[in-house]
Amino acid sequence: MAMERSARERDDERFFASLPATRGAAGALIRSPEGDVLLVRRAYESDALWGIPGGIVEAEESPLSACRREIAEELGVTATVRGPLVVDWVPARYPRTAALQWLFRVEVPSEDRFSLQPEELSGWEWVRPGRIPEYLPEGTARRMLTAVAVDDHGGGPVYLEDGRTVLPDHRPAGGEGSPRG
């Protein structure tokens, strides 16, 4: 019986090793009292300087833990995560593999407590929701605008594919990507 189990374990190991790998990332929708959205300027990106606070989910880490860790690393503050707003499946685009992008509603202490890590970020800015497409790549902007709509009107979390709502019954109450300003 022990040999049978070992063979089964080896078969399981081969099976799971053959499955596709999907990256994970966790980001934060952080808003000012006026409803503006915090965007960060990445120190290490040359093609997409502005981004969403957050980053890659590390091995054995949950998206929630990754969000908290990334906010602490990037902004130097403790995040209070209120809940998930959006989950976005992003297809592979060479050289990147497919990814599940989680966006959480997050509150942080006052901006005067931000302590940017120079190897991570070179700046941050409060951005009116209607100006998000000027800062972020198209798919990322769609994801963030949907998160803003969910935050404004409820109804989340919303499932997206490449930043687009694909389930008709899961659109944010204010409509996909309808910012408040």
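Which residues in helix 4 are buried? In this predicted model, the buried residues of helix 4 are Gly 139, Thr 140, Ala 141, Arg 142, Arg 143, Met 144, Leu 145, Thr 146, Ala 147, Val 148, Ala 149 and Val 150. Since 12 of the 16 residues of helix 4 are buried, the helix is largely enclosed by the rest of the structure.

**Confidence**

- The mean pLDDT of the protein chain is 88, and 88% of its residues reach 70 or more.
- Over residues 176-181 pLDDT stays under 50, although the model has 27 contacts beyond four places in sequence for this stretch. Where pLDDT is low, the predicted coordinates should not be read in detail.

**Overall architecture**

- The protein chain contains four helices and nine strands, and from the N terminus on these elements follow the order α-β-β-β-β-α-β-β-β-α-α-β-β.
- Of the 181 residues of the protein chain, 42% count as buried, while the chain exposes about 10,000 Å², of which carbon and sulfur atoms supply 52%.
- Among contacts between residues at least 6 apart in sequence, 66% join residues at least 24 apart.

**Helix 4**

- Helix 4 spans residues 138-153, and the distance from its first C-alpha to its last is 22 Å, close to the 22 Å expected at 1.5 Å a residue.
- Just after helix 4, Gly 154 takes a positive phi of about 80°.
- Within helix 4, Glu 138 and Arg 142 form a salt bridge whose closest N and O atoms are 3.0 Å apart; because the two residues are four apart in the helix, they are separated by about one helical turn.

**Nonpolar cores**

- The largest nonpolar core has 20 residues, of which Leu 29, Val 37, Leu 39, Ile 132, Leu 136 and Met 144 touch the most other members.
- At least two residues of this core are supplied by each of strand 2 (37-42), strand 5 (80-90), helix 3 (132-135), helix 4 and strand 8 (158-161), and the largest share, six residues, comes from helix 4.
- Apart from this core lies another core, of 17 residues, among them Ala 28, Leu 75, Val 81 and Val 106.
- In soluble globular proteins, nonpolar side chains tend to be buried together.
- Not counting residues up to four places away in sequence, Leu 39 touches Trp 50, Gly 51, Trp 124, Glu 125, Val 127, Tyr 135, Leu 136 and Met 144.

**Salt bridges**

- The structure holds 16 salt bridges, and a network of them links Glu 58, Glu 61, Arg 69, Glu 70 and Glu 73.
- Arg 69 forms a salt bridge with Glu 70, with the closest N and O atoms 3.1 Å apart, and both of these residues are buried.
- Arg 131 and Glu 134 also meet through their side chains in a salt bridge, at 3.1 Å from N to O; here Arg 131 is partly exposed, with a relative accessible area of 38%, and Glu 134 counts as exposed at 56% relative accessibility.

Terms used
Residues numbered from 1 in each chain as written. Heavy atoms only, no water. pLDDT = per-residue confidence, 0-100. Contact = heavy atoms within 4.5 Å. Expected span 1.5 Å × (residues − 1). Buried < 20%, exposed > 50% of the residue type's maximum accessible area, 1.4 Å probe, protein only. Areas by Shrake-Rupley, 256 points an atom, 1.4 Å probe, with all protein chains shown as cover. Salt bridge = Lys/Arg side-chain N within 4 Å of Asp/Glu carboxyl O. Core = buried A, V, L, I, M, F, W, Y, C linked by side-chain atoms within 4.5 Å.
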